[in-house]
Amino acid sequence: MPLITLQDAELAFGLTPLLDRANLTVQPNERIGLIGRNGTGKSSLLKIIADQMALDDGVCGRDDGIHIAYVEQESAPPEADTLRESLALAANFEDLHDDRERWACEARLTEFFHRFGLDENRPTATASGGERKRAMLALAMAKKPDLLLLDEPTNHLDITGITLLEDLLVSGAVKSAIIITHDRAFLDRVATRIIELDRGLLRSYPGNFAAYEARKSDQLAAEEVMNRKFDKFWAQEEVWIRKGIQARRTRNEGRVRRLESLRNERAERRDRLGKVQIALDAGERSGKLVAELEDVTKKFGDNTVVNALSLRIMRGDRFGFIGPNGAGKSTLIKLILGSLEPDAGKLRLGTNLQVAYFDQMRAQLDPEKTLMETISPGSEWVETANGRKHVMSYLNDFLFPPQRAQAPVKMLSGGERNRLLLARLFAQPANLLVLDEPTNDLDIESLELLEDTLQGYTGTLLLVSHDRAFLDNVVTQTLVAEGDGNWKEYVGGYSDWLAQRPAPAAAISDSKPQTAAREKPKAKMSFKEQREFDALPKEIETLEQEQLALAARMSSADYHKQGADAIKADGKRAGEIEQQLAKKYERWEVLDQKAAAGAN
């Protein structure tokens, strides 16, 4: 039986429909990535599924006895002396009348404290944002939900926390999940299906985010062609209806009724939302040297954040800073910019630096000022890389309509504040761009556009981000925190660092046997393995086509009308296909390595 069945769902805030007769079926053992533009209603959809919000019309059906756990975007543990006491309050253990059930819940909570690397005796008041987020995730998983709902779970988590969450989801720590996230690497590893909320409709794409991107581009191209043909035909009919008296005498009443239908269809069609328009002005060229650090050290009490770091940043460098929460990435940025004095060592700044600084805490935004005042105080014009623009037009480039120009900043959502800060940042020329966690709360489309813009930026870039795909696509070198205030530079992005970083001590403790194992030549493929290797691509393609057809059937509007046995059989088959594909991909990788070894 489906866990969730959404049928002809309607929800609107003001004049904008967030759900427009939307349909969705969620099967057991699915991990769904829910994506869409900021403000399209993704969080509202999760609240509807969690029974925390009602639809305007339509049905949200839930399997009898289903247990749903929901971790909201800004959820935080209740105030208490320790994290353990805080989560015990949130879990309402005292409300459990069965002692065995209470003991089991407490044991599971202890288990997930350890799995998330949390100190249960840590005072709640001093816990970081990342620790609080891990605590809420630990509590949700300890409840053993049938369906876990996560709204932007990677916000406030460092890369270690994100990969830990991925491991738990992939290993089956929870049965099924719906996850709102902009982290594409996370979606690629975790999601078994992508659901896109687009203009009020829910569209289903089997597979991970990479598979979604391939299918989505084809779909958008087809939709554009179809809309162009429709608009051309509609325009021809409008010309016909406006002909003179001679033509009206021979007017075909059926054709008139068809035109009325075309007008209604065109009025109901919601065109794709506009894109953020970003242009970066690198201003005048800085000197060849941007900053030079020589044996720089910075401590806070007994905590050494930077230990004898020597670093040279040259014009055009694109540095990404990698490290866990609390490692001192933001502190190091301030040292490089000269806004924080080192305890020891020397700093030399280059000449003609024009700095634009994106603060992850959004401290540069005054909540009482209007959007217009924030972007261009005292003027109606903004100087951009593409020339002079009126502030209203410039705000529209960042998807803020003219009627919101006089709205105060405090009325904006997290994603909108990020867009506004980017708009303010890019309204000034800068040859040194510093971005501290710019991707938080941005939807995937805006994030990818920001990537494209930064790739064409000719100035110097310093980027702090936990988004692995973003780092890979933007930076050319990384500076990585390696503990005790030590930082090391690596060439390339995040994936390049993974390939270059030293192996853990445990992996190199027995060096001789490992060296011998590496030097042992790999066996070539047998005739039987070669035949298997040749057949695998076709077998994988057949399974993927079946998976695609099955997903399309299961996401159809009238799927709920199928009998219970048929729905159960489809759910079982979907799980079998996923397992078979995983095994075949794993086998293909093994044989591919053998084939490469044989070729060498």
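Visitor: What should I know about the model and the numbering?
Guide: The model is predicted, so local features need pLDDT of at least 70, side-chain atom pairs count only at pLDDT 80 or more, and totals for chains, interfaces and linings use all residues. Residues are numbered from 1 along each chain as its sequence is written, and side-chain values use heavy atoms, without hydrogens and water.

Visitor: How do you know that the span of helix α4 agrees with its number of residues?
Guide: Helices are DSSP runs of H or I with at least four residues, strands are runs of E with at least two, and both are numbered from the N terminus. The expected span is 1.5 Å times one less than the number of residues. For the 14 residues of α4 (129-142) that gives 20 Å, and the end C-alpha atoms are 20 Å apart, so the two agree.

Visitor: Why is α4 called largely enclosed?
Guide: Buried means under 20% relative accessible area, exposed over 50%, and partly exposed in between, with a 1.4 Å probe and protein chains only. Twelve of the 14 residues of α4 are buried, so the rest of the structure largely encloses this helix. Among them are Arg-132, Lys-133 and Arg-134.

Visitor: What do the buried residues of α4 pack against?
Guide: They pack against β5 (68-71), α2 (83-91), α3 (99-115), β6 (147-151) and α5 (159-170). Contact here means heavy atoms within 4.5 Å.

Visitor: What makes Phe-209 and Tyr-212 a tilted pair?
Guide: Rings of Phe, Tyr and Trp (its six-membered ring) pair if their centres lie within 6.5 Å; planes under 30 degrees apart count as stacked, over 60 as edge-to-face and the rest as tilted. Phe-209 and Tyr-212 lie 5.4 Å centre to centre, with 40 degrees between the planes. Hence the name "tilted". Both residues are buried.

Visitor: Why is the pair of Tyr-494 and Trp-497 called tilted?
Guide: The ring centres are 5.6 Å apart and the planes are at 55 degrees, so this pair is tilted. Tyr-494 and Trp-497 are three residues apart in α16 (494-500), so about one helical turn separates them.

Visitor: How do you know that Trp-497 is buried?
Guide: Its relative accessible area is 11%, which puts Trp-497 under the 20% limit.

Visitor: What makes Arg-501 lie over the face of Trp-497?
Guide: A charge sits over a ring if NZ of Lys or CZ of Arg is within 6 Å of the ring centre and within 35 degrees of the ring normal. Arg-501 is at 5.0 Å from the ring centre of Trp-497. Arg-419 lies over the face of Phe-400, at 4.9 Å.
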